[in-house]
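Dear colleague,

Please find below the structure that I am handing over to you.

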Amino acid sequence: MGVHATKVVLLAAIAISFIVSLFQSQINPYFLQIIIYIGINIILATSLNLINGYAGQFSLGHAGFMALGGYTGAVVSTTLGATPGGSSAVIILPLALVLGGIVAALAGLLVGIPSLRLRGDYLAITTLGFGEIIRVVIQNLDFLGGARGFTGIPKLTNFFWVFSVVSITVFVISNLVNSSYGKGFLAVRDDEIAAQAMGINTTKYKVVAFVTGAFFAGVAGGLYAHFVSYINPQQFSFIRSIEIVVMVIVGGMGNTPGVIIAAALLTILPEALRPIAEYRMVIYSLSLVIIMITRPQGLFGRELSLRSLLGRLRKQAMPV
Amino acid sequence: MSELLQQIINGISLGSIYALIALGYTMVYGVLRFINFPHGDAFMVGAFVGYYAAPRIVPLVGGSLLIAGPITLLLSMLVCSALGVTIEKLAYRPLRPRPKLTILITAIGISLFLEFGGQLVFGPDPKSFPTLLPSAVIINTPNLVLRSTPVIVIATTVGLMLLLRFIVMKTKLGTAMRAVSYNQSAASLMGINIDTVISFTFVLGSSLAAAAGILYGSLYPSINPLMGVFPGLKAFISAVLGGIGNIPGAAIGGFIIGLIETFVTGYLSPTYRDAIAFGILILILLFKPSGILGRAESEKV
C-alpha cells in the first residue's frame, strides 16, 4: 500500500472510532474498559516494537516512558481544569497527551544517547534502571502525590481518543519502517557494523527509534491516566515493562500486525483467566522462554501481513 | 567518627553480598559473553534453601550453630549449583549459536519464572530467616555496637573469595576456564571440553550466589521470592563497575557499591536507595564502560 492508501485507511479508522464512540454509553462498561485497555496496550506494544523489534535495541524501560506521559498529562489537565464532557476537553486532552508524549520523548533521547555505546545486555539493564529511576523520583516528588499517587485526574479518555491514537501510532510506525528511510532500522538490527560500513548513521537511527517509541508510550500513559483517573508509581514498575515486552515477543519482533494481535490477546487473556490469576506471570515468563527456544520469530511469523495474506489467498484460488 | 565506622562496617558487609553475587555474573560473562539474569534469583533460592533447611539441621547437630551453619551453607550451595547447571543445559545450551537477543530474552524469562514461580511455591509474603550465625555483641560502646554477624559475613566472603582464587588460578578446571574466557575456539582446539567448563562456571557462580543468599538472610532476616531482583541488579552493576569478565574487579566493585549505597542511605536520603546504583551504572557506561580493572574490548568484524 502506498502512503496515500494508508492515509485513507487512517482517516477511515479515525472516522469509525468517532462513530463507535457516539454509542459508547450503550457498551457494557466492563467490556468498554477491556476494549480501552486493548487500545492502550496496542499503542504501547507497537511503539516498543519499533525499538525492540525493528531497531533491535532491547529496551526494558517502556513503563518509565508511560509513567512520564501519564504524570505530565495529569498535571496539564488538572492545572487547566478540564471536566469530562466539557467542551474544553476537546482541546485539553490532546494537549495533555502531546505534552506527555514530548516529555517522554525527551527522556527517550536521554536514554537513547547512552544506548549508542551499549550492546544488547547492557542496554536492557540500563533501560530497566532508567525506568526504575523515573519511578523512584516520582515517588519522591510531593507535588505528584509521591507514593500515595495522583488523584482526581479528569476522566477524559474515551473510545474515540484511544482508537484514534492507535490508528495514528500504527500509521506512523508502519510508514516509518516501510519507507526507504526505515530500511535503516532493519539494517541496524541485522548487523550494526555492516550497516555502519554501508554509510548508515546507526546513531541517528537508534535515537529516532527511542524518541519515537518513547513519544507514543508517553501518549499511551496519558490516555491511561485520563481513563483510570488515579495513578501511582507502582502501576509503572518493571513488571509493566515486562508485560509489554511479552506482547512484542509473542507477536513477533518486527511484526506490527502480529504485535497488535498479541497485545489484544494478552489483554483479554488475564480477564478470561481470572481464576488462575496468580499464575499469570509464571505463564508469561515460561512462554517467553519457550517461544525463544522453539519459535523466536513469534507466534505468527514474519509473513503475517495483509499483502502476504492476500497473496496466499490468490495462490490458493488459482487452479494448479 | 564512630557513626562513620558503623556505616563502613555496614557498607562492607552489604558489599560482601554484592561482591559474591557479582563474581557469578562476571564469570559467566567471561565464558559465555552474556548476562545471566537468573543469577540474582539463584541468590533468592539459596536463601530459601537456608530458610527451609536450617530449622531441620540445627536440632540434628544438637543446636550447635558452629556446625549447622556450614552444613546449611554447603547444602544451599549444592542446590543452587544444580539449579544453575540445569538452567544452562535446558535453556542456554540449545540457544548458544543463536543471536544474542534470543539468549537475553530467554534469560529474562527464566529470571521472571523463578521469581513468580517462587511466589507460588514459597508464598509471596516475607519470611523471617532463622538464626544461623551467632550474633553476640563484640564491641559495645555508647556510639558503636559491633555484632558478630557482619564480622562472620565478611570473613566468610573473604574465605570464599580466596578459595575461588585458588580454584581459578591453580586447578586444571580453573585454568581451562580462563582459557575459554580468553578464546573459546582456540581453547576447544587445545582439547578443552567447552561444555564441561561452562557447567563448571555455573556451579562456581551459583554456589557463590547461594552463599550470598544465606549470608544476606543472616544480615537482614526477612526474605521473599522477589528479594533477588535488586541485589542481583546491583551486583551486576558492581561487576560492570569492576570491569565485567574480571574476577578481582567484581569483588572490588561489590564493596564499592555496598559502601556508596550505605553512605547515601545513611547520610542523604533512604528513599533513593534503589536508584543510586543505576545512576552509577549510567555514569560508568558513559565515561568508562570497561570498568575499573577491565580492558576495553574492540568489536570483531
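A compact globule of 301 residues would have a radius of gyration near 19 Å, and chain B, with 19 Å, agrees with this. Please note that the model is predicted. Along the principal axes, the C-alpha atoms of chain B fill a box of roughly 60 × 45 × 40 Å. Buried residues account for 51% of the 301 residues in this chain. Its secondary structure consists of eleven helices and four strands. Of the contacts in chain B between residues at least 6 apart in sequence, 77% join residues at least 24 apart.

Helix H2 (residues 39–60) of chain B packs against helix H3 (residues 65–92) of chain B at an angle of about 140°, and their axes are 8 Å apart. H2(B) is therefore oblique to H3(B). Their crossing is right-handed. Among the residues that meet are B:Val45, B:Gly46 and B:Val49 in H2(B), and B:Ile71, B:Leu75 and B:Val79 in H3(B). The residues of this contact comprise 13 nonpolar, five polar and no charged.

As to the contact between the chains, 30 residues come from chain A and 35 residues from chain B. On the side of chain A that touches chain B, the elements giving two or more residues are helices H5 (120–139), H10 (238–251) and H12 (280–294) of chain A. H5(A) gives the most, with eleven residues. That side of chain A divides into 19 nonpolar, seven polar and four charged residues.

With kind regards

Key. Residues numbered from 1 in each chain as written. Chains lettered and ligands numbered in written order. Predicted model: local features only at pLDDT ≥ 70, side-chain atom pairs only at ≥ 80, totals over all residues. Axes fitted to C-alpha atoms, helices over the stretch in contact; angles between N-to-C directions. Parallel < 35°, antiparallel > 145°, perpendicular 65-115°, else oblique. Left-handed = near helix turned anticlockwise from the far one by under 90°. Contact = placed C-beta atoms within 7 Å. Nonpolar A, V, L, I, M, F, W, Y, C, P; charged D, E, K, R; others polar. Rg over C-alpha atoms; globule rule 2.2 N^0.38 Å. Buried ≥ 20, exposed ≤ 12 C-beta atoms within 10 Å, placed from the backbone.
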